[in-house]
Amino acid sequence: MTASKTDLANAKAQAHEWPLWEVFVRPKAGLDHKHCGSLHAADSKMALQLAREVYTRRQEGISVWIVRSDQIVASDPADKAMLFDPMEDKVYRHPTFYELPPEVGHM
Amino acid sequence: MYTQAMDTAPKEERAAIRNADEVVAEQAFERALDNEGFIEAKDWMSDHYRKTLVRQISQHAHSEIVGMLPEGNWITRAPTLKRKAILLAKVQDEAGHGLYLYAAGETLGTSRDQMLEALHTGKAKYSSIFNYPTLTWADVGVIGWLVDGAAIMNQIPLCRCSYAPYARAMVRVCREESFHQRQGYDALLTMMHKGTDAQRAMVQDATNRWWWPSLMMFGPPDDQSPNTAQSMRWGIKRLTNDELRQKFVNATVEQARILGVTLPDPDLKWNEARNGYDFGAIDWTEFWQVVNGDGPCNKERLAERVDAWNDGEWVREAALAHARKQAARAAEGRKAA
């Protein structure tokens, strides 16, 4: 099945489904929110409640973000090479590229 | 809780004509599989891979959801408040596992409703183990010990499976699963070491009834699993059914001894040469009977799921209607402002 056909079948079937939300959890103060999964909920309030029930049953987080899945804009995997490969030959962007005399010490 | 390898996938059909882009994408896909890499949701994948994963993941999700029923049977009758809280937490975990897995399945382009429809119409399978009844409180402990124990054996290798959303869901599931097995074994230890003779007999009886169905959880023997090689190549299976089953038996014998119960198999004995336990023949007729709908509780379990879904319909619709009304009001408010 091609992607567009899949999407179409999916959109049809989802007409009566609660929308899909992506869940991001901050494990503890000082850390980033991290994507941890998705869930269906009728609205944002319910999505927050369910995110708590589904993804933080064991104190996995202190803060939750939710965002409608259809609102996420993502890069296309087919563009992976075009987008990310050019960085491969830019080794001078890394500190290890530079060999300094040992006397300099930690820099 | 866990999935069951049943190898009912149709043989791979290849599209005869493909364009050049697709050939390149397919090569990248095959290379990722060869190198034990990951396939993400939006990456190119073959139809057969996609279909097999939808089948396996949804079947796994259904097992988690149906798996709540046998144990849910005992929530209101747990012997103490402590055991009740534990059992509630465990059953809630199973619901969570079902949800992680449905979400992983949805990334493959199948909707939640489509998967549920397949379960409710009997098109999709779930693990045969949940079609057995939970007759006593000891059954709850034995399910934790043996059924979740078998599930862990099955699921740990899947944390490294090639389909990344499935692998990530399995990492989460496995992290929570260990509590399930330990709480079951702990409940049984309490009955065996601090209980009455009647309670000890209850544990033995439950062990007798769940032992063989637990061994069947690993699926048919290797010589009757023609698609194992394919699944291994795709990394959605890491060890064969018989290898996992053997691992489980080897681990369980000592646990049974410490508990003080006998495993109901006169042929069970250590084999030095194989460095493992030999065990008796499994009744595969019973297995296929249960898988194909004729187990002790198949009809009851499915009916309960279908009823729950139908009874919840007005709630799902009301929530959606409420959300739409709120959104419309908010939009009006913005216009007015």
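Axes are taken here as lines fitted to C-alpha atoms, for helices over the stretch in contact, with angles from 0 to 180 degrees between N-to-C directions. The model is predicted, with local features needing pLDDT of at least 70, side-chain atom pairs counting only at pLDDT 80 or more, and totals for chains, interfaces and linings using all residues. Residues are numbered from 1 along each chain as its sequence is written.

**Entry: helix pair**

I looked up helix 6 (residues 137-155) and helix 10 (residues 241-259) of chain B, whose axes come within 10 Å and cross at roughly 145°. Helices are DSSP runs of H or I, at least four residues, and strands runs of E, at least two. For contact (heavy atoms within 4.5 Å), I noted W145(B), L146(B) and M153(B) among the residues of helix 6, and F248(B), A251(B) and L259(B) among those of helix 10. The residues of this contact comprise 9 nonpolar, 4 polar and 1 charged.

**Entry: second largest pocket**

I took a pocket as an open set of points on a 1 Å grid where a 1.4 Å probe fits, with protein on both sides within 12 Å along at least five of seven lines; lining residues have an atom within 4 Å of a point. I found 33 lining residues, with W18(A), R112(B), L116(B), W309(B) and R316(B) nearest the centre. The lining holds 14 nonpolar, 9 polar and 10 charged residues.

**Entry: E71(B)**

I located E71(B) in helix 3 (residues 68-72) of chain B. E71(B) counts as buried because its relative accessibility is 0%, the limit being under 20% with a 1.4 Å probe and protein chains only.

Technical notes
Chains lettered and ligands numbered in written order. Heavy atoms only, no water. Nonpolar A, V, L, I, M, F, W, Y, C, P; charged D, E, K, R; others polar. Buried < 20%, exposed > 50% of the residue type's maximum accessible area, 1.4 Å probe, protein only.
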